[in-house]
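Please look over the sequence and the model shown here before reading the notes that follow. They are grouped by topic.

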Amino acid sequence: MMRIQKNSLSGLCFLSAITLSINPFRVLIINDMMWHMNIQMPLLILSGVFITFPEKFNFDKLSRLNLYGLTSFILSQLILAYWMLPISIDRAIINWKYDIAKIISLVLCGILIRLSLSKSTLVMEIFFIGYFLSMMIWAGNFYFQSNERLCNVYSQDSQQFTGAGLMLIGAMLTLIWISSKLKSQKWS
C-alpha cells in the first residue's frame with residue numbers, strides 16, 4: 001500500500017514537472033527562471049526520491065559499488081552541480097535534447113539521493129547534505145546578488161527571484177533534514 005502511495009506521489013511530481021517542458025506550459029519555464037529552477041527541477045528530483053521499484057528488482061549486486069552510499073552521493077552531487085550552472089540552464093531552454101537530458105538526470109539524481117540516504121552514516125550525510133545545501137544557498141545568493149545577467153535566456157529580475165527562491169528552498173531543506181535527524185535520534 002505504501003509503495004503504491006509513493007509511486008502515485010512520484011508520478012504526480014513527474015507529470016507536473018514534464019508538463020512544464022511541453023507546450024503550452026513550456027512558456028512558463030522559458031519566460032521565468034523561477035518556474036524552471038525552483039519548481040520544475042525540484043519536482044523532477046522528488047519524483048526520483050519517491051519512486052519505488054518492484055521487489056523483483058534486486059540491487060544487492062550493486063551494493064559493493066555503493067558502500068555507505070558514497071557512489072550514489074557523489075553521482076547525485078555531480079548531477080546537481082551541473083544543473084546549477086547558468087549555461088546548463090540556458091541549454092535546457094534552447095535545445096530540447098538538453099531538456100530531455102535534464103529530466104532523465106534529475107529523476108536519476110532523486111533515485112540516487114534516496115539510495116545514498118538509505119545506506120549512509122550520519123557523518124557522511126552531514127558532509128554531503130551539508131555541502132549540497134550550502135552550495136544551493138550560495139548559488140541562490142549569487143543569483144540574487146549578481147549585478148550581471150548570468151543566464152542569457154532570462155531577465156535579471158527573474159534571476160534574482162530565482163536566487164531568493166533557491167535560498168529559501170535551501171533553508172527549508174536544512175530545517176527538514178535537521179528535524180528528521182533529531183526525530184530519528186529520539187525514537188531510535
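Leaving aside its neighbours within four places in sequence, which residues is Ser158 in contact with? They are Asn31, Asp32, Met33 and Met34, where contact means heavy atoms within 4.5 Å. The model is predicted, so that local features need pLDDT of at least 70 and side-chain atom pairs count only at pLDDT 80 or more, while totals for chains, interfaces and linings use all residues. Residues are numbered from 1 along each chain as its sequence is written, and side-chain values use heavy atoms, with hydrogens and water left out.

- Ser158 lies in helix H8, helices being DSSP runs of H or I with at least four residues, numbered from the N terminus.
- Ser158 is buried, with a relative accessible area of 5%, and buried means under 20% relative accessible area with a 1.4 Å probe, protein chains only.
- The side chain of Ser158 reaches the backbone nitrogen of Met33 at 2.7 Å.
- Apart from neighbours within four places in sequence, the contacts of Met33 include Ile89, Tyr143, Cys151 and Tyr154, as well as Ser158.

**Helix H5 and its packing against H3**
- Within helix H5 (residues 86-94), the buried residues are Ser88, Ile89, Asp90, Ala92 and Ile93, and among the elements that cover them are helix H2 (26-31), helix H3 (33-50) and helix H4 (70-82).
- H3 and H5 pack at an angle of about 95°, with their axes 12 Å apart, the axes being lines fitted to C-alpha atoms over the stretch in contact and the angles running from 0 to 180 degrees between N-to-C directions.
- The two helices H3 and H5 are therefore roughly perpendicular to each other, a term that applies to angles of 65 to 115 degrees.
- On the H3 side the contact is made by Met33, His36, Met37 and Met41, and on the H5 side by Ile89, Ala92 and Ile93.

**The largest nonpolar core**
- Of the 37 residues in this core, Met33, Met37, Ile89, Leu106, Phe132 and Met136 touch the most other members; a nonpolar core is a set of buried Ala, Val, Leu, Ile, Met, Phe, Trp, Tyr and Cys residues joined through side-chain atoms within 4.5 Å.
- Helix H7 gives the most to this core, with nine residues.

**Phe73 in helix H4**
- Phe73 lies in helix H4 and is buried, with a relative accessible area of 1%.
- Not counting residues up to four places away in sequence, Phe73 touches Ser116, Leu117, Ser120, Met124, Glu125, Phe128 and Ile129.
- The C-alpha atoms of Phe73 and Tyr98 are separated by 23 Å, and these residues are 25 residues apart along the chain.

Methods:
Buried means under 20% relative accessible area, exposed over 50%, partly exposed in between (1.4 Å probe, protein chains only). Angles under 35 degrees count as roughly parallel, over 145 as roughly antiparallel, 65 to 115 as roughly perpendicular and the rest as oblique. A polar contact is a pair of N or O atoms within 3.5 Å; within protein, one must be able to donate a hydrogen and the other to accept it, and residues adjacent in sequence count only if both atoms are side-chain atoms.
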